[in-house]
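This briefing concerns aromatic contacts, charges over rings and helix packing. Please consult the display below alongside the text.

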Amino acid sequence: MTTRRLFASVLAAVLAGGTVAVVLTQTPSATAERRGQAPVVIGHRGASAHRPEHTLLSYEAAIAMGADYIEPDLVSTKDHVLVARHENEISGTTDVAAHPEFADRRTTKAVDGRPVTGWFTEDFTLAELKTLRARERVPDLRPGNTAFDGLAEIPTFEEVVQLAQRHGVGVYPETKHPTYFDSIGLSLEEPLLEVLNRHHVRKAYIQSFETANLRELRGRTRLPLIQLITAGGAPYDWVAAGSTRTYDDMVTPDGLREVARYAAGIGVDTRRVVPVDGAGATLPPTTLVQDAHRRRLEVHVWTIRNENSQLPADYRRGNPAGPVYPRATGDVAGWLSRLVELGIDGAFCDDPAMGRAVVAGRPS
């Protein structure tokens, strides 16, 4: 079956049914020894190109589209239960503002050194959060997803794990703002490991943009850890400690050698692999993939998105003057294929069906 036909058949089945009907063959369990295997497809916040992110609707769609792993970002409730939300501030991803009983909980907090105003998961019990309903975070970019607004609850991490295990896929949790949650007495690592251990999860990666919690986890779990690396800036735990080191230091040969002491891989902004110029056009690739592989580190890239506005300029398609150009689908398959050719080991995809089609279409 061609890549185009595979993608079309998977996507049509999911969009028509909306539930998991078929689970495609999954790649082997996570391991730092996977050199030479096909890259893993990670359902980024589920299938967030097609359903509101971090909902069971989104995770179910990702599984049906062939994701190897589904990715929940984890934050804590007031009663110390982990739930899947992109951020602990939830005004953009739920209908909390429409609940007058919670109006007095709107506040401003300093999260990772920056003021944030809204409603925060740590100010709600799980029972209270379950009265809210999810909504599309970027409706202008993905207006079709708004059809699902109000249908889904906020899922717990345990519910995501149970869904993954029922369908034989892995989980790829991210601990969000671990330094912040430590500071308010709601550490993320203990409940994370408790859920994973209680359900005997073996197919998983654990990721973080910070370093201290990954080092802590290294001594407490054998599951592979992924150090997340942005295109700029620094891990907040380094910033909080007064360090002048940045993510740029982390991707040097010495930095990667240090990461390899506690992590099985790195999860990097695609611009760390293929930089772009001021106009957004791609530049020659870096040596990061090869450098990381020399230190036996996997390289997973984020985020592969379909829309022109989310792609490098040379992979955008259509008329830039058209009103729907920013959200129109570009040559996302060509972009991901380029990254696969450079040797990446996995990709976070908003559209896992496209990711699966590209990976399945690789010559053996």
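**Aromatic and helix contacts**

F209 has 25% relative accessibility and is therefore partly exposed (20% to 50% of relative accessible area, with buried under 20% and exposed over 50%; 1.4 Å probe, protein chains only). The model is predicted: local features need pLDDT of at least 70 and side-chain atom pairs pLDDT 80 or more, whereas totals for chains, interfaces and linings use all residues. Residues are numbered from 1 along each chain as its sequence is written, and side-chain values use heavy atoms, without hydrogens and water.

**Aromatic rings**
- There are eight aromatic pairs (Phe, Tyr or six-membered Trp rings with centres within 6.5 Å; planes under 30 degrees apart are stacked, over 60 edge-to-face, the rest tilted).
- F209 and W302 make an edge-to-face pair, at 5.8 Å between centres and 90° between planes.
- This pair links distant parts of the chain, 93 residues apart: F209 lies in the loop between strand 9 (206-208) and helix 7 (212-218), and W302 in strand 12 (residues 298-304).
- W302 is buried because its relative accessibility is 17%.
- One aromatic cluster comprises Y69, Y172, Y205 and F348.

**Charges over rings**
- The charged end of K203 sits over the ring of Y69, 5.4 Å from its centre (Lys NZ or Arg CZ within 6 Å of the ring centre and within 35 degrees of the ring normal).
- The charged end of R105 sits over the ring of F124, at 5.0 Å from its centre.

**Helix packing**
- Helix 4 (residues 157-167) and helix 6 (residues 189-198) are DSSP runs (H or I, at least four residues; strands are E, at least two; numbered from the N terminus).
- Their axes (lines fitted to C-alpha atoms over the stretch in contact, with angles from 0 to 180 degrees between N-to-C directions) are 10 Å apart, at an angle of about 30°.
- Helix 4 and helix 6 are therefore roughly parallel (under 35 degrees).

Terms used
Angles under 35 degrees count as roughly parallel, over 145 as roughly antiparallel, 65 to 115 as roughly perpendicular and the rest as oblique.
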